[in-house]
Amino acid sequence: MTALFECRDLTKYFPVKKLFQEVAKVHAVERINLTIPEGETVGLVGESGCGKTTLARMLLLLIRPTAGAILYRDTDLTLLGGRELRDFRRETAIVFQDPYSSLDPRMLVADVVGEPLAIHRVAYGEDREEMVLRLLERVGLKTEHMYRYPHEFSGGQRQRLAIARALAADPRFILLDEATSALDVSVQAKILNMLSELKSEFGLTYLFISHDLSVIRHLSDRVGVMYVGQMVEYGTSEQVFAQPMHPYTRGLLQAAPSLNPDDRDRRSGDALEGEVPSTVNPPPGCRFHPRCPTRGANCPDVSPELVDVGDGHLVACRSAGKKP
Amino acid sequence: MEARENLLVVDRLKTQFFTYGGVVEALDEVSFEIRRGEIFGLVGESGCGKSVTTASILGLVAKPGRVISGRILLDGEDLLTKSAKEMNAIRGSRISIIFQDPTSSLNPLFRVQIQVAEPYIYHQAMPKKRALREATRILGTTGLPDPEQKSRSYPHELSGGMRQRAMIAMALTCQPDLLIADEPTTNLDVTIARQIRDLVRDLQREFGTSVLWITHNMAVVAQLCDRVGVMYAGSIVEKSDVRTLFRDPRHPYTVRLLHAIPSAATSGAELEEIPGSVPQLIHPPTGCRFHPRCDRALDVCSVQKPQEVEVRPGHFVACHLFRTREEDA
């Protein structure tokens, strides 16, 4: 297993300004260590504002980190420039959540999907058309769709277009940022199946961001759980979902509705209380302590580190593993 | 089954939209009933007619749409025969609604307190001072922290979850017979959505309100509802109590929809797909609207619209497969 991405103590603070003066900081991502092995799918879960998207965009250098290092194939990305950076961009792609705003309404499908080929000078003229055609067919669209505009497509078809565009420059890594969240269940099933096929066909590595736990569980080999800018638990899908150790992960899993009506009575009464705190003034110590059912005396003072509790299962909690 | 009285009966409701492109047959003879004190779930994918059903019940179908035929009985009175003025008196007092997006449902220019107090002032002619006090009290019962102070906030000062609590407070002010919840947790985070679902269930038990819960999420139905109707392309294809539906779904659409949902069991495996896509309701398929996508379709399916068949007490399926089996027997 070789690491495609590795980040060390990755941190991003956004300034909050008032009259040109920085009055506070948004602690968007704080000291995150994450390894994305080549050929695997890593899932990131967490609630709104927990820093999933900021972390992912830093990996692609779309946001410059405040501190920390990002290694891509053992090269520090923050030191790259010019040609090397362009090569890196060619090897990475993104699929966004909302296919209505991620496709330019004034561009023809042929141009939307062909643009990466033009930017990276992969193919010209008829060759480019030929390649676009193959990409469209691969994602389940037809030849006659080439010269249409995005508004003529349904949500599911648009997401197929976005995937075709992501695949165009033959990337190694695709960031899927809530890529199926806006889709209906039956459409989502088709897109998820296609994504798994494409992964093995092209030897891709995915970082899949979602708030939908069942989708993450379905697709991911490894899962990271984030809370208010920090990674609280990381492990294989099996470890995180079958033996969650962090009280936040447990609360999240309890809160997600299950398809079995018989789970109803067993699960009632253990919902997490309170709301997600602000990242401008995060709670001191462990950021989860105000909502934590197993809070200890030290939790408001000491920020827990990610600790290996066995077989690479990392948990940032002082009482990890203890039953509530 | 308990013989609880029906609060709302929707009977062969047909709503259509007359657009320049043609007639959109949004609802094709939708029938269901909601009993007193139960949570009835209406589930289906985008464009299946869930929200048009709500609008029809509330008398809020916007032009060029119109309810063509059918009956909507609230306690035996047909809402479709009511005048606009009578409907105004019913909305907010006997039937109220919470929407998906609490941000756009609240007026950003007024404090939450006065917005929650409005139904008291309009429907119960309560003096303003007392209405404001009552509003603060009901905001407290919906779990808004520090209601005395928070009720004097403007909507933008509250989080999404708190705004949805304010909407629920507003909907419950006049103790309605029926609360319609149109995807109220879809925009909320997982843990907050869970809190809101628990809240609606607690309040529903306390006040004995009936709830029509509209959602696209099967798992939410499984955890919250007593009975459920599955909609597809403007019709209810299957209807039963929740446990039966999940244990033994009969309609091919329900079966395949449940298999398309990722879960622990599907991890790493391929998800089952439903071939094709949801039809345009401007030219819906003839006969059963699901037949072009159905792998068990018979010849009759493309010709004749299937009638509801009661496959077991309280479990209705609108599918020819069951009709023929019954006739064979």
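**Exercise 1. Two helices of chain B**

At what angle do helix α4 of chain B and helix α7 of chain B pack, and how far apart are their axes? Then classify the arrangement and list the residues that make the contact.

*Solution.* The model is a predicted one.

Step 1. Locate the helices. α4(B) covers residues 112-123, and α7(B) covers residues 160-172.

Step 2. Read off the geometry. The packing angle is about 25°, and the axes are 7 Å apart.

Step 3. Classify. Angles under 35 degrees count as roughly parallel. α4(B) and α7(B) are therefore roughly parallel to each other. Their crossing is right-handed.

Step 4. Find the contact. α4(B) brings Val112(B), Gln115(B), Val116(B) and Pro119(B). α7(B) answers with Ala166(B), Ala169(B) and Met170(B).

Step 5. Sort these residues by class. Six are nonpolar, one is polar and none is charged.

**Exercise 2. A sheet in chain B**

In what order do the four strands of the open sheet in chain B run?

*Solution.* 

Step 1. The order is β2-β1-β4-β5, and the pairing is antiparallel.

Step 2. Strands of a sheet pair through backbone hydrogen bonds.

Step 3. Look for strands with a single partner. β2(B) and β5(B) have one partner each, so one side of each is left without a neighbour in the sheet. These two strands stand at the edges.

Step 4. Take β4(B) and β5(B). They pair in the antiparallel sense over two bridges. Here Leu73(B) stands opposite Asp78(B) of β5(B).

Step 5. Take β1(B) and β2(B). They pair in the antiparallel sense over nine bridges. They form a hairpin with two residues between them. Phe17(B) stands opposite Val24(B) in β2(B).

**Exercise 3. Backbone details in chain B**

*Solution.* 

Step 1. Arg12(B) sits in strand β1(B), residues 6-19. Its phi is positive, about 45°, although Arg12(B) is not a glycine.

Step 2. Glu29(B) belongs to strand β2(B), residues 22-35. It too is not a glycine, yet has a positive phi of about 55°. With 18 other C-beta atoms within 10 Å, Glu29(B) is partly exposed.

Step 3. Pro64(B) lies in the loop between α1 (50-58) and β4 (65-74) of chain B. The peptide bond from Lys63(B) to Pro64(B) is cis, with omega near 5°.

**Exercise 4. A loop residue in chain A**

Which residues does Ala182(A) touch, not counting those up to four places away in sequence?

*Solution.* 

Step 1. Ala182(A) is in the loop between β7 (173-177) and α6 of chain A.

Step 2. Under that condition on sequence, it touches Gln97(A), Asp98(A) and Gly155(A).

Step 3. Check one partner. Gln97(A) is 85 residues from Ala182(A) along the chain, while their C-alpha atoms are separated by 6.6 Å.

Step 4. Ala182(A) is partly exposed, with 18 other C-beta atoms within 10 Å.

**Exercise 5. Where the chains meet**

How many residues of chain B are in contact with chain A? Find the helices that contribute.

*Solution.* 

Step 1. 35 residues of chain B are in contact with 31 residues of chain A.

Step 2. On the chain B side, α8 (190-207), α9 (218-224) and α10 (242-247) each supply at least two residues. α8(B) gives the most, with six residues.

Step 3. By class, the side of chain B that touches chain A has 15 nonpolar, twelve polar and eight charged residues.

Definitions and conventions
Residues are numbered from 1 along each chain as its sequence is written. Chains are lettered from A and ligands numbered from 1 in the order in which they are written. This is a predicted model: local features need pLDDT of at least 70, side-chain atom pairs count only at pLDDT 80 or more; totals for chains, interfaces and linings use all residues. Axes are lines fitted to C-alpha atoms, for helices over the stretch in contact, and angles run from 0 to 180 degrees between N-to-C directions. Angles under 35 degrees count as roughly parallel, over 145 as roughly antiparallel, 65 to 115 as roughly perpendicular and the rest as oblique. A crossing is left-handed if the near helix is turned anticlockwise from the far one by less than a right angle, and right-handed if clockwise. Two residues are in contact if their C-beta atoms, placed from the backbone, lie within 7 Å. Ala, Val, Leu, Ile, Met, Phe, Trp, Tyr, Cys and Pro count as nonpolar, Asp, Glu, Lys and Arg as charged, and the others, Gly among them, as polar. A residue is buried if 20 or more other C-beta atoms lie within 10 Å of its own, exposed if 12 or fewer, and partly exposed in between; C-beta atoms are placed from the backbone. Two strands pair if DSSP finds at least two bridges between them.
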